[in-house]
Amino acid sequence: MIHKNGTLELTNEAMEKYGEKVIKAISTHYQQLNNKKPVAISSREEMDKLFLEEVPEKPSNPFDVLDFVLDNVMTQSTIVAHPKSFSFVPGPSNFIGAMGDSLASGFNIFSGGWAASPAAAELEIVTMNWLLKIFGFPVVKGGGIFTSGGSMANLTAIVTARRIKCGDDFSKAVIYLSDQAHSSNIKAIRILGFRKEQIRIIPTDQEFKFGINKLKNAIAKDRLEGWQPFCLIATAGTTNTGTVDPFVSIAKICKQEDIWFHIDGAYGGAAILAKNGKELLKGINKADSLTVDPHKWFYQPYEIGCLLVRNHKWLKNTFTEKPEYLRDVEGNTSEINFYDHGMELTRRFRALKFYMSIKTFGLNEFRKAINYNIALAEKTEAFLRKSPNWEIISPATLAVINFRYNPINKRLTEKKLDALNQYISKEVVVSREALLVTTILNGQVVLRMCLINPRTTFKDVEDTINLCEKFALEGL
Ligand SMILES: *Cc1c(COP(=O)(O)O)cnc(C)c1O
């Protein structure tokens, strides 16, 4: 018997064997994933047929359940760490991070309060200090919190901005963001109960950057009408094009107008580690709050997002429910209860994977990988520009590039081009050889590659472009 009765436990022997099998499956996946097909496509019917059942009352052999999961669950998910997963924002992850997460779950460490797990809180402080320093935020006065992802970090930022700038009455408060801001920001604004007339979507310029003149006009008009401009969300690396907003000009406006300056760097924040990162993200250190998303370009497994703030007291003043109950001393080096710095009380130990992977590889390996990613996108752009078949729609920016099939000798109509590029993407995905989907820029259907995987080679890109050309000829 490998089950122990009534305790939800296995025998020691079975537990050892089970654990080995799980770790073996994970490490084998890492060794073999480059040779697998990245795309999983299954319908609801197919999935229902495999998995739908009444809740089992009786036990099963644990090894049978594990084998079933390895065979049917793990194989039916897109491999976002695959070198040919080019779409959305891939999740290259890293093995050490995955092992760190396994430990965090295995030991089930409560990462809410200092008293429960001093080491977990300390590692969150330590890694947060690394990030504050990397981004040029004040280390002693600044602070932050790990969240499940960028969406939760943005929500945490806007709650904090509203609390600090508006207090209890936000009936006249207005928030500004560009038409390229990530959808999670609008979602957060809605969750917080702002009305439609409190949201200003500012059109971007030709390079998809925040339109400064339009922003100034909007703020001035709102002041005349008696609104309270309280928060602005700029983006470090838009999801579509990798575009970085003009932070220095925006910071100046925010300062003059007493507006909270939030930067959503969920995608592009990591580019701060590139060799010209300070130039690429110039002014990022001027934000009041900054979202970064380690489970994207800091190569961490899901889930870990992060919000950094210039002043840790802002979080505490927003999220602490019973300040008199706490015996924290002021300052970032004191004992912190992270449940007072964000929305969640019970929190998983997210700092561990980040800490372990940076300690293991060293930050310089992360720098190298990020430089490689940016250079790979630039090489891809140069390659496509040399071809008579391809048109660059948005040049390589922070490892994102948008292009479309548009052979110069064919003179295809816009309608035909949209249909053709949509067809190319569909066929590539159906072939399961690469995950390459479209986005819309200036009303045109374009193919988009996000090249943040350090295991992606130029040959992976070339092979995929060749595959696209093959389908393009079919679709013409
Ligand atoms: C991915 C992304 C988000 C959302 O982050 P999640 O981790 O998916 O919740 C927000 N903003 C930008 C710019 C992003 O790229």
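Three helices, α1 (12-32), α3 (62-72) and α4 (95-106), each supply at least two residues of the lining of the largest pocket, and α1 gives the most, with seven residues. Helices here are DSSP runs of H or I with at least four residues, strands are runs of E with at least two, and both are numbered from the N terminus. The model is a predicted one, in which local features need pLDDT of at least 70 and side-chain atom pairs count only at pLDDT 80 or more, while totals for chains, interfaces and linings use all residues. Residues are numbered from 1 along each chain as its sequence is written, and side-chain values use heavy atoms, with hydrogens and water left out.

Of its 36 lining residues, Ile26, His29, Tyr30, Met74 and Ser77 are the closest to its centre. Domain 1 (3-31 + 40-77) and domain 2 (110-348) each contribute at least three residues to this lining, the domain bounds being taken from an automatic or database assignment.

The second largest pocket has a volume of about 470 Å³, and the closest to its centre among its 25 lining residues are Val244, Leu280, Ala396, Thr397 and Leu398. The strand β10 provides the largest share of this lining, five residues. Because domain 2 (110-348) and domain 3 (372-475) both give residues to the lining, the second largest pocket lies between them.

Technical notes. On a 1 Å grid over the protein atoms alone, a cavity is a set of points where a 1.4 Å probe fits but cannot get out, and a pocket is an open set with protein on both sides within 12 Å along at least five of seven lines; lining residues have an atom within 4 Å of a point. Grid points are joined across faces, edges and corners, and a volume is the space filled by probe spheres set on the points.
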